[in-house]
Amino acid sequence: AESDDDDLAMTVTDHFLSGIANVLQARDDKRLGPLPLHLVAAEFQSLMKVPFNLDVIGETQVVDFLRKWPNLFLLVMDKCRPVAVAFALGHPPLPFRHQARPPELSHSGLHVSDAY
């Protein structure tokens with residue numbers, strides 16, 4: 001039963017990763033730049049047509065979730081505060097599939113002035 005729970009958690013996590021990636025790709029296609037963090041849930045729900053509820057995978061903050069995937073997402077910083085998300089340089093191709101657990105890496109963000 002625990003393996004089934006782990007498989008479900010990985011599937012749902014993949015759903016969130018792919019959904020956020022699809023939102024970022026749509027923004028890239030329109031040349032809109034990084035996605036402001038306060039718009040992640042609304043844009044995810046608009047594109048994916050499902051609620052953005054990280055609680056189902058034990059997460060409460062989108063920033064904490066994104067920080068677990070530094071090979072996929074880059075947090076854009078303004079005065080040491082994350083304000084937006086973009087694709088990490090050299091991110092893997094879509095669709096994303098994670099392997100078991102995110103890498104345990106420290107995060108260093110990009111400053112807003114560096115992103116434009």
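View 1. H15 is found in helix α1, which covers residues 2–29, where helices are DSSP runs of H or I with at least four residues and strands are runs of E with at least two, both numbered from the N terminus. The model shown here is predicted, so that local features need pLDDT of at least 70 and side-chain atom pairs count only at pLDDT 80 or more, while totals for chains, interfaces and linings use all residues. Residues are numbered from 1 along each chain as its sequence is written, and side-chain values use heavy atoms, with hydrogens and water left out. With a relative accessible area of 30%, H15 is partly exposed (buried means under 20%, exposed over 50%, and partly exposed in between, with a 1.4 Å probe and protein chains only). Leaving aside neighbours within four places in sequence, H15 is in contact with F44, M48 and V50, contact meaning heavy atoms within 4.5 Å. For M48, which is 33 residues from H15 along the chain, the C-alpha atoms of the two residues are separated by 9.5 Å.

**View 2. K49 in the loop between α2 and α3.** The loop that holds K49 runs between α2 (40–48) and α3 (62–67). Although K49 is not a glycine, its phi is positive, at about 65°. K49 counts as exposed, at 66% relative accessibility.

**View 3. K79 in the loop between β2 and β3.** K79 is placed in the loop between β2 (73–78) and β3 (81–87). This residue, K79, is not a glycine, and yet has a positive phi of about 55°. Its relative accessible area is 76%, and K79 is therefore exposed.
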